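Let's take a friendly tour of the side-chain contacts in a protein. Keep the sequence and the 3D view open as you read.

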Amino acid sequence: CADGRGLARDEPRAVALFQRACDGGDAEGCSNLGGMYAIGRGVHRDVDRALQFLRRGCAGGDRWACDRLE
């Protein structure tokens with residue numbers, strides 16, 4: 001959804017799906033959501049929220065999120 005691979009690009013839908021995944025405990029979903037907030041893709045840019053979701057992703061074991069926090 002976010003990059004449009006296999007279907008039409010729909011960043012707001014991607015944000016909703018990442019949020020759902022994160023709410024369900026998926027670390028990568030939290031990390032992806034943090035990335036969307038960090039750069040303002042599909043949402044208004046919000047660094048504080050980005051950090052919140054990246055921390056959740058990192059705590060869940062997603063190395064990508066941990067790398068972004070460093």
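Is Glu 70 buried or exposed? Glu 70 is exposed, with a relative accessible area of 73%. Here, buried means under 20% relative accessible area, exposed means over 50%, and partly exposed is in between, using a 1.4 Å probe and protein chains only.

## Before we start

You're looking at a predicted model, where local features need pLDDT of at least 70 and side-chain atom pairs count only at pLDDT 80 or more, while totals for chains, interfaces and linings use all residues. Residues are numbered from 1 along each chain as its sequence is written, and side-chain values use heavy atoms, with hydrogens and water left out.

## Salt bridges

Side chains of opposite charge can pair when their charged atoms come close. A contact counts as a salt bridge if a side-chain nitrogen of Lys or Arg is within 4 Å of a carboxyl oxygen of Asp or Glu. The structure has four of these. Glu 70, our opening residue, has Arg 63 as a salt-bridge partner, and their closest N and O atoms are 2.9 Å apart. Arg 63 itself is partly exposed, at 47% relative accessibility. Salt bridges with shared partners also tie Arg 9, Glu 11 and Arg 41 into one network.

Arg 63 also forms a salt bridge with Asp 67, again with 2.9 Å from N to O. Both Asp 67 and Arg 63 belong to helix H4 (residues 63-69), where they sit four residues apart, about one turn of the helix. Helices here are DSSP runs of H or I with at least four residues, strands are runs of E with at least two, and both are numbered from the N terminus. Asp 67 is partly exposed at 38%. Now look at Arg 9 and Glu 11: their salt bridge has its closest N and O atoms 2.6 Å apart. Glu 11 is buried, at 18% relative accessibility, whereas Arg 9 is exposed, at 53%.

## An aromatic pair

A pair of aromatic rings is described by the distance of the centres and the angle of the planes. Rings of Phe, Tyr and Trp (its six-membered ring) pair if their centres lie within 6.5 Å; planes under 30 degrees apart are stacked, over 60 edge-to-face, and the rest tilted. That rule gives one aromatic pair. Tyr 37 and Phe 53 make up this stacked pair, with 5.8 Å from centre to centre and 20° between the planes.

## Disulfides

A disulfide is a covalent bond between the sulfur atoms of two cysteines. The cut-off is a pair of cysteine sulfur atoms within 2.5 Å.

Cys 22 and Cys 30 have their sulfur atoms 2.0 Å apart, and their link is right-handed, with 90° about the S-S bond. Cys 22 is buried at 1%, and Cys 30 is buried at 4%. The sulfur atoms of Cys 58 and Cys 66 are 2.0 Å apart, in a right-handed link with 105° about the S-S bond. Cys 58 is partly exposed, at 24% relative accessibility, while Cys 66 is buried at 12%.
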